[in-house]
Amino acid sequence: MSRDVIRIGGAMRKAIYPGSFDPITFGHLDIVARAARLFDHVYVAVLNNLEKKTLFTVQERLEMMRSSVTADNVTCETFDGLAVEYAASRGAMAMVRGLRAVSDFEAEFKLGAANRHLNPQVEMVYLMTSNEHSFLSSSIVKEVASMGGTVDDWVPAPVAARLREKFSRVEGRNQA
Ligand code: ADP
């Protein structure tokens, strides 16, 4: 039975899960899967922020996300500007974020307070990382991949392949 049918008479509970996802890891995918169980629909949104330097272009990040997310109640897309405005544009009642460590908490606390100020209608929902992903970050993945280490346990196979391709090109350039 589709979720729309279950929700007849009540509003669809939609959430956004915004991030840089540069690139997506199993830690992000775990949050996506758990959010998809909590909400009727989840928009996983890749931030297109021209000021933040990323390894992958927004289109590459979106492609990797689309090839990794399988749930039928999840839409992967890009957004720019304020996340609360993007949430409102999708009729989302919540913004999901993941928490790994105390350091995440501090940054998320500030971001959450700012978002609440901008639009109190969008509830911030924090999902604590699963134990096996608590150390996992896109930065660690990029650092290890840049030095030729294997990242197969941390990212889906197509993402690992793209990382290898990206860094072999950089290596090729350095040697030239
Ligand atoms: P940001 O959006 O801050 O640039 P990311 O794109 O890496 O960072 O992450 C998006 C969201 O996913 C953030 O809320 C971040 O804390 C969370 N996240 C990242 N890695 C993990 C992980 N291993 N486990 C749980 N949550 C994570």
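**A pocket and its ligand**

The lining of the largest pocket is made up of 14 nonpolar, 14 polar and eight charged residues (Ala, Val, Leu, Ile, Met, Phe, Trp, Tyr, Cys and Pro count as nonpolar, Asp, Glu, Lys and Arg as charged, and the others, Gly among them, as polar). This is a predicted model, in which local features need pLDDT of at least 70 and side-chain atom pairs count only at pLDDT 80 or more, while totals for chains, interfaces and linings use all residues. Residues are numbered from 1 along each chain as its sequence is written, and side-chain values use heavy atoms, with hydrogens and water left out.

**The pocket**

- On a 1 Å grid over the protein atoms alone, a pocket is an open set of points where a 1.4 Å probe fits, with protein on both sides within 12 Å along at least five of seven lines; lining residues have an atom within 4 Å of a point.
- The largest pocket holds about 860 Å³ of space (the space filled by probe spheres set on grid points, joined across faces, edges and corners).
- Its lining counts 36 residues, and Pro18, Gly19, Ser20, Arg97 and Glu108 are the ones nearest the centre.
- At least two lining residues each come from S1, H2, S4, H5 and helix H6 (138-146); helices (H or I, at least four residues) and strands (E, at least two) are DSSP runs, numbered from the N terminus.
- H5 gives the largest share of this lining, six residues.

**The ligand**

- The ligand takes up the space of the largest pocket (more than half of its atoms lie within 2 Å of the grid points).
- Around the ligand are 18 residues (each with a heavy atom within 4 Å), with Tyr17, Ser20, Phe21, Gly98 and Leu136 coming nearest.
- Five nonpolar, eight polar and five charged residues form this shell.
- Oxygen atoms of the ligand lie 3.1 Å from a side-chain N or O atom of His28 and 3.2 Å from one of Arg97.
- A nitrogen atom of the ligand is 3.3 Å from a polar side-chain atom of Arg100.
- Alone, the ligand exposes 540 Å², and the protein buries 88% of that (Shrake-Rupley method, 1.4 Å probe).

**The loop between S1 and H2**

- Phe21 is found in this loop and has a positive phi of about 50°, although it is not a glycine.
- Pro23 is in this loop too, and a cis peptide bond with omega of about 0° joins Asp22 to Pro23.

Terms used
A polar contact is a pair of N or O atoms within 3.5 Å; within protein, one must be able to donate a hydrogen and the other to accept it, and residues adjacent in sequence count only if both atoms are side-chain atoms.
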